Amino acid sequence: NHTTPLTTGEKEKGEEQSQENGRLMLADGGVAEKGDPKVNSGGGSGGVSNGYPTSTAPSPKEGAGGVPAGALRTLVVQQTSLDQPRETWSKKMDFLLSVIGYAVDLGNVWRFPYICYQNGGGAFLLPYMLMAVFGGVPLFYMELALGQFHRSGCISIWKHICPIFKGIGFAICIIALYIAFYYNTIMAWALYYLLASFRPTLPWTTCSNPWNTVNCLRYLSTDSNVTWTNTSTSPAEEFYTRQVLQVHLSPGLHQLGSVSWQLALCLLFIFTIVYFSIWKGVKTSGKVVWVTATFPYLVLLVLLVRGATLPGAWRGVVFYLKPDWGKLLSTTVWIDAAAQIFFSLGPGFGVLLAFASYNPFHNNCYKDALLTSSVNCLTSFLSGFVIFTVLGYMAEMRKIGVETVAKDAGPSLLFIIYAEAIANMPAATFFAIIFFLMIIMLGLDSTFAGLEGVITAMLDEFPQLLSRRREWFVLGLVCVCYLGALSTLTYGGAFVVKLFEEYATGPAVITVVFLEVIAVSWFYGTSRFCADVHMMLGFSPGLFWRVCWVAICPIFLLFIIVSFLAFPPEVKLFDYVYPPWTTVLGYCIGVSSFICVPAYMVYHLLTAKGTFKQRLLKGITPVPSGPHSDIIITHAV
């Protein structure tokens with residue numbers, strides 16, 4: 001029997017033929033039904049792999065179907081499963097844009113520039129590149145290859161890798177839910193700003209609004225008679241904290257206050273867009289990303305050109321890139337570099353597995369991995385210029401140092417400082433509209449991706465229950481995410497967002513990916529994994545990749561985990577310092593997702609049959625997988 005993997009054309013034919021399950025295709029055009037006399041059931045040569053007997057040579061007298069007597073007759077078996085054929089991307093570009101849209105998110109715009117200048121400017125690019133080459137990209141490549149080979153989401157894939165680790169899949173789904181609880185709220189804030197931008201004067205430029213306090217000061221170099229003191233606040237800051245978030249109405253996490261109805265409506269709108277983008281699967285979301293993944297680049301370029309022409313822009317750029325080589329001796333720089341590249345590329349959220357599982361089997365995922373991760377790192381670098389040219393301009397206008405302007409990280413960098421800079425430019429309304437649209441788009445495709453990871457995982461794990469009810473399942477999931485996000489829409493919601501961001505996702509995801517790498521490279525085996533890649537791509541990963549998967553990636557991840565536990569982040573937001581009990585709460589949220597991994601191991605060992613040793617062996621022995629549904633068996637007699 002000679003088995004050949006199908007080309008795409010044959011595969012489509014195969015999908016048409018799968019309607020004719022239970023038939024044998026004879027190469028001379030005849031079709032043999034089960035039990036058909038054409039197929040000699042006594043064939044001494046044994047059965048063809050899916051339970052059909054093989055045919056024996058026709059007798060010289062027969063010459064069936066116009067085939068000359070004595071000629072070879074080929075029996076082609078299209079071996080198909082009774083499952084529905086897996087849906088695929090309409091175009092290769094849909095896949096690439098989805099992956100880029102997922103990897104390039106809000107973190108590239110606010111977290112990277114801030115971390116870069118904090119950790120020695122240009123000098124930071126060295127640890128960043130090293131961490132990318134030895135840690136981030138190998139993990140990215142591994143996850144794309146796994147998803148494409150096994151064609152399944154992050155839960156059901158484990159039976160083909162190492163069944164006892166299946167809890168990892170459930171943990172990933174819970175983490176993805178936690179992210180959906182807080183991540184979309186940031187887009188709701190941006191939507192609020194976007195709606196507020198459709199006015200001739202932007203509401204965060206003046207101090208005469210109902211929400212302003214006596215400390216509010218419009219301070220620019222043109223206002224020579226105004227003195228800026230330490231208690232002064234800018235109108236943009238008051239708009240963000242007192243009008244959008246209304247944080248002044250909540251004393252802290254112990255008393256969040258009621259839900260802000262404006263933000264609740266904004267979030268409802270965001271989730272409606274999300275639902276109608278992903279309800280039909282990658283066929284619809286693959287089209288939406290053509291807008292959401294490309295539009296941000298257009299805006300970044302416009303803002304870059306605009307920023308570069310502002311007075312004082314060069315001060316910001318110098319501040320961003322001026323290398324401070326002494327910083328490289330401190331461990332925090334390396335920890336930050338590792339964490340930044342890891343969260344930026346986003347392996348371990350089940351998304352890359354899900355996206356790659358819809359690829360054709362022989363797609364070159366190696367090139368894809370290199371291309372998309374390079375685009376992602378370059379985007380981070382580019383957005384640094386977009387942010388810092390504007391910070392330099394603000395410093396110039398206020399006659400202060402760039403470091404005093406750039407003291408805020410995170411959302412307030414975009415919503416206070418950048419918003420204020422835009423308000424002081426000519427054509428402020430136009431720039432405000434495209435800037436907040438960009439933030440919403442950057443967030444949207446990451447949300448599509450995160451939820452698609454969960455949906456694919458669940459549909460592959462429970463196909464009988466869910467595959468025909470995808471739209472209802474997605475609706476339920478989106479409703480759960482909306483209800484979970486209500487706590488972030490309260491007056492103290494910003495505190496909740498920060499808590500989730502620091503504790504719920506970071507450490508848990510890194511630990512999960514650490515276990516994933518161990519399971520693949522040590523239990524499943526690098527040689528077996530490389531053989532899988534060879535079967536798909538026609539070449540094996542080189543020595544560099546093998547060493548990274550076996551040793552360097554696990555060390556890289558362990559380094560981040562240990563550093564997080566050794567130096568837990570001191571969390572504060574505005575003037576609120578998080579009390580110690582919130583740290584405990586944060587760790588509980590983090591552990592609640594991770595607990596799935598040991599829990600499933602115990603469950604697996606208890607429910608399996610046999611002695612303890614047999615159960616353990618069964619737990620680490622993969623069920624073979626691969627392109628079995630795409631094999632043509634030709635048997636010439």
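**Cysteines, a cavity and a helix residue**

A: A search of the whole structure finds one disulfide, a disulfide being a pair of cysteine sulfur atoms within 2.5 Å. This is a predicted model, in which local features need pLDDT of at least 70 and side-chain atom pairs count only at pLDDT 80 or more, while totals for chains, interfaces and linings use all residues. Residues are numbered from 1 along each chain as its sequence is written, and side-chain values use heavy atoms, with hydrogens and water left out.

Q: Which cysteines does the disulfide join?
A: C207 is joined to C216, with an S to S distance of 2.0 Å, and the link of C207 and C216 is left-handed, with -70° about the S-S bond.

Q: And are C207 and C216 buried or exposed?
A: C207 counts as partly exposed because its relative accessibility is 29%, whereas C216 is buried, with a relative accessible area of 10%. Here buried means under 20% relative accessible area, exposed means over 50%, and partly exposed lies in between (1.4 Å probe, protein chains only).

Q: Changing topic, how many cavities does the search find?
A: It finds four cavities of 30 Å³ or more. On a 1 Å grid over the protein atoms alone, a cavity is a set of points where a 1.4 Å probe fits but cannot get out, and lining residues have an atom within 4 Å of a point. Grid points are joined across faces, edges and corners, and a volume is the space filled by probe spheres set on the points.

Q: Last one: where is L146, and what does L146 touch?
A: L146 is in helix α4, residues 125-150, and counts as buried because its relative accessibility is 2%. Leaving aside neighbours within four places in sequence, L146 is in contact (heavy atoms within 4.5 Å) with R151, I157, I161, L353, V520 and F529. Of these, I161 is 15 residues from L146 in sequence and 9.2 Å away in space, C-alpha to C-alpha.

Definitions and conventions:
1 Å grid on protein atoms, 1.4 Å probe; cavity = no way out; pocket = protein on both sides within 12 Å on 5 of 7 lines; lining within 4 Å. Helix = DSSP H or I, 4+ residues; strand = E, 2+ residues; numbered from the N terminus.
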